[in-house]
Amino acid sequence: MDKDLILLFLQQGIVSGMVVGSVYALLALSIVMIFKTSEVPNFAQGEIFMAAGYCALFLLVFQATPVWLAVPLTLVVAFAGAALFRRVVLTQVSRASGSPVNLVIATLGLSYVLKGLVRRTGFGDTPRSFPALVSTDGVMIGQASITRLDVAIFLTALAVMAFLFCLFAYTKVGRAMRAVGMNPKAARLMGVDLQRIHMLVWGLSAVVSAIAALLISPKILMTAEMGGIVTMAFAAAIVGGFTSLPGAVVGGFVIGIAENLVGLFISSRAIVVAPFVAIMLVLIVRPQGLFGGRVAIKKV
Amino acid sequence: MRFLAIAVAAAVLIALPLVTTGYVVYLANLLLTFTVLCLGMHIVIGETGQFSLAHAAFYGIGIYAAGIAGTTFGTPFPVSILIGGLAASAIGFVIGMVALRMRDIYLALATFAFGEAMQWVFLNWNAVTGGPNGLRIAPARLFGLELVTDKDAYPFVVATAIAMLVLTVIVARARLGRSFRAVRESEIAAQAMGVPVRRTKVVAFGISAFFAGIAGGMFTLFSTYIHPDSLGFQTTILVLTMVVVGGLGSIGGAVGGAIAFGLISELLRQAPSFQEIAYGAILIVFMMYAPKGLFAFLADRFRGARHA
């Protein structure tokens, strides 16, 4: 491979990687948000993402709902569904045993229910394409070529991240969420309603995943299996240390760029193995992740 | 009560090949294989409170390792089965050692990603696994004895399953089993008692991978063909559902769950589109209302009714 080609591939890989990476970052943020407050890695995050994508597809294509209505409606459905799952199912699961293992199993259950439901509706049996809301004309950045849609994806994702940052830094409810993540008991003593915060976090996390689905769906063929993308997001979260929100963002970009470079330089077929390799590499080289601190030992 | 259960189980196991047809014996072989998978899952999740979401991958490693050993190199089948188990546990130990350096939950995430990576390897490593064409497995051999039909294989499948069951009981009663449960209940308390927490978790995970590998070896006794499609996450979820239905944390539950839910899932085959919803709903409902499994749930109800 000569030098020019390598340079071109590098640019293309990094620019395309930033675009997909921003979507991974959103998914990783939704995972980390829940993990920080509930200590549960939500294995249904990919399926929440997938189901939200299908919800939007159903509204836009099959019901011909206008975009300005379909998008908020999808987000509301995602929020309500996830908040309800947290309130009804997980509350009961912790009451029944309290073991974190059981909560994780319940999220695995949710992922299968959602996948099965989407298949039952009949939309999930064949790959579907999602209408692009932004034109797919080409844009050149350096020597890398992407589409207007890609630019829109990237900017929207950044806007969502900025919104989340402001939410957690400056609003009362955002600070309450962080407080619950640090020490639930102390937060409750300060008058924070844990149940409500948990519902809000799950709802918010689902909304962020739904936005990720709306962004990426026009670029891929939708199938009931598209939630598998969550493996990339888990890898991104681990790269970032799993409890750090900025870490999740950086991890998302790292994984997105790494995926594209592997695809360009090695083989697009090797991408499936990339998240596992990335996870193992991080755990060997820097197990606390880029932004993770020491793990606090839970007292008896 | 326990003696009665064992007597009934023994009677059924002996009578089965005498009174039924080939398909039922095949099903029995398969359920016994899944019983061993469930025992492995029981050790890591039920006893130690850790997650292994790559059970299907280790099962696959066992199948390919044992199948290739028997088919290409003509090893006698007890050796092939052992090779399957050792190959799976060797890989399991390495992953466990790396993944358990930080948080417990990284084991779940790393094995989740490992499961997908392995399925890809099974599908693409054509030279070894036959890739998408699958792998033909020659009949298992031992000193001129050849296991051609399901009925031929049945006694050996039963023997292996019983051996693994006995091994599970031995581990559970030994110091190792007690340290598994100590880690599950409280890591700090376990550490204070001198239990090396991280090593215990890695050992539990390695043993569970060994069980899955042995189960893979058992599969090669009665099956002639394996395709990577049947080694995906779906299979891991099936095993997890079996353990959950039987009851997390009890050996009887793992065995009972494998048999009871194995039969249910055989019926669900008639309606594949409901399969995923059924697995998912069962996991959720059991975690909500019967976290100790079906048998404990029924026993509670029964006792409650008598007292009332």
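**Exercise 1.** How are H1(A) and H5(A) oriented to each other: roughly parallel or roughly antiparallel?

*Solution.* The model is predicted, with local features needing pLDDT of at least 70 and side-chain atom pairs pLDDT 80 or more, while totals for chains, interfaces and linings use all residues. Residues are numbered from 1 along each chain as written, chains are lettered from A, and side-chain values use heavy atoms, without hydrogens and water.

Step 1. Helices are DSSP runs (H or I, at least four residues), numbered from the N terminus. H1 covers residues 3-38 of chain A and H5 residues 148-170 of chain A; their axes come within 8 Å and cross at roughly 30°. Axes are lines fitted to C-alpha atoms over the stretch in contact, and angles run from 0 to 180 degrees between N-to-C directions.

Step 2. Angles under 35 degrees count as roughly parallel, over 145 as roughly antiparallel. H1(A) and H5(A) are therefore roughly parallel to each other.

Step 3. By class, their contact (heavy atoms within 4.5 Å) has 14 nonpolar, 1 polar and 1 charged residues; nonpolar means Ala, Val, Leu, Ile, Met, Phe, Trp, Tyr, Cys and Pro, charged means Asp, Glu, Lys and Arg, and the others, Gly among them, are polar.

**Exercise 2.** State which side chains form the salt bridge between chain A and chain B.

*Solution.* Step 1. The contact takes 49 residues from chain A and 43 residues from chain B.

Step 2. A salt bridge requires a side-chain nitrogen of Lys or Arg within 4 Å of a carboxyl oxygen of Asp or Glu. Between the chains the count is 1 salt bridge.

Step 3. Arg119(A) and Glu276(B) form a salt bridge, at 2.8 Å from N to O.

Technical notes. Helices (H or I, at least four residues) and strands (E, at least two) are DSSP runs, numbered from the N terminus. Angles under 35 degrees count as roughly parallel, over 145 as roughly antiparallel, 65 to 115 as roughly perpendicular and the rest as oblique.
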